[in-house]
Amino acid sequence: MRRLRAPVALLVVVTLATFGLAKWHPFSPSAPAATSPAGSGDPTRGARVFASTCAGCHGADAQGKVGPALRGSGLTAEEVAAVVASGRGVMPAGLVSGQQAADVAAYVATLSQ
């Protein structure tokens, strides 16, 4: 019985340290910085990117499908760019990035008014 104390104690210490480090996240990555401001997007290019990347979930007319309706939602280009960068619900973060993200944000902003 005495021989089991040291291995069991070591197991408990290692387990607690592992869970503690997992919750602490000392080296968690930060969100990627936007490479293009949301206001510099081109809605015409954004419509093409939306059709190929976003319409499958938001619908070709942006009235919603699996994803929420974007037409008439009142979202600004900055709000759209933030959701595209960070993701929301089942939408993964960074589905489009850089200039494409700015273009999609500009396009969705024109739909949401």
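Author: The model is a predicted one. Asp103 lies in helix α4.

Reader: Why is Asp103 called buried?

Author: The relative accessible area of Asp103 is 3%. Buried means under 20%, and Asp103 is therefore buried.

Reader: What makes the pairing of the Asp103 and Gln99 side chains a polar contact?

Author: The distance between these side chains of Asp103 and Gln99 is 2.8 Å, and the cut-off for a pair of N or O atoms is 3.5 Å.

Reader: Why are α2 and α4 called roughly perpendicular?

Author: The axes of α2 (residues 43-58) and α4 (residues 98-112) cross at roughly 100° and come within 7 Å. Angles of 65 to 115 degrees count as roughly perpendicular, and the two helices are therefore described in that way. Among the residues making the contact are Pro43, Arg45 and Gly46 of α2 and Gln99, Asp103 and Val104 of α4. By class, the contact has 9 nonpolar, 4 polar and 2 charged residues.

Reader: Which residues have the most contacts inside the largest nonpolar core?

Author: They are Phe50, Val96, Val104 and Val108, in a core of 17 residues. Helices α2, α3 (77-86) and α4 each give two or more residues to this core, and the largest share, 7 residues, comes from α4. Leaving aside neighbours within four places in sequence, Val104 is in contact with Gly46, Val49, Phe50, Cys54 and Val96.

Notes:
Residues numbered from 1 in each chain as written. Predicted model: local features only at pLDDT ≥ 70, side-chain atom pairs only at ≥ 80, totals over all residues. Heavy atoms only, no water. Axes fitted to C-alpha atoms, helices over the stretch in contact; angles between N-to-C directions. Helix = DSSP H or I, 4+ residues; strand = E, 2+ residues; numbered from the N terminus. Parallel < 35°, antiparallel > 145°, perpendicular 65-115°, else oblique. Contact = heavy atoms within 4.5 Å. Nonpolar A, V, L, I, M, F, W, Y, C, P; charged D, E, K, R; others polar. Core = buried A, V, L, I, M, F, W, Y, C linked by side-chain atoms within 4.5 Å. Buried < 20%, exposed > 50% of the residue type's maximum accessible area, 1.4 Å probe, protein only. Polar contact = N/O pair within 3.5 Å; in protein donor to acceptor, adjacent residues only side chain to side chain.
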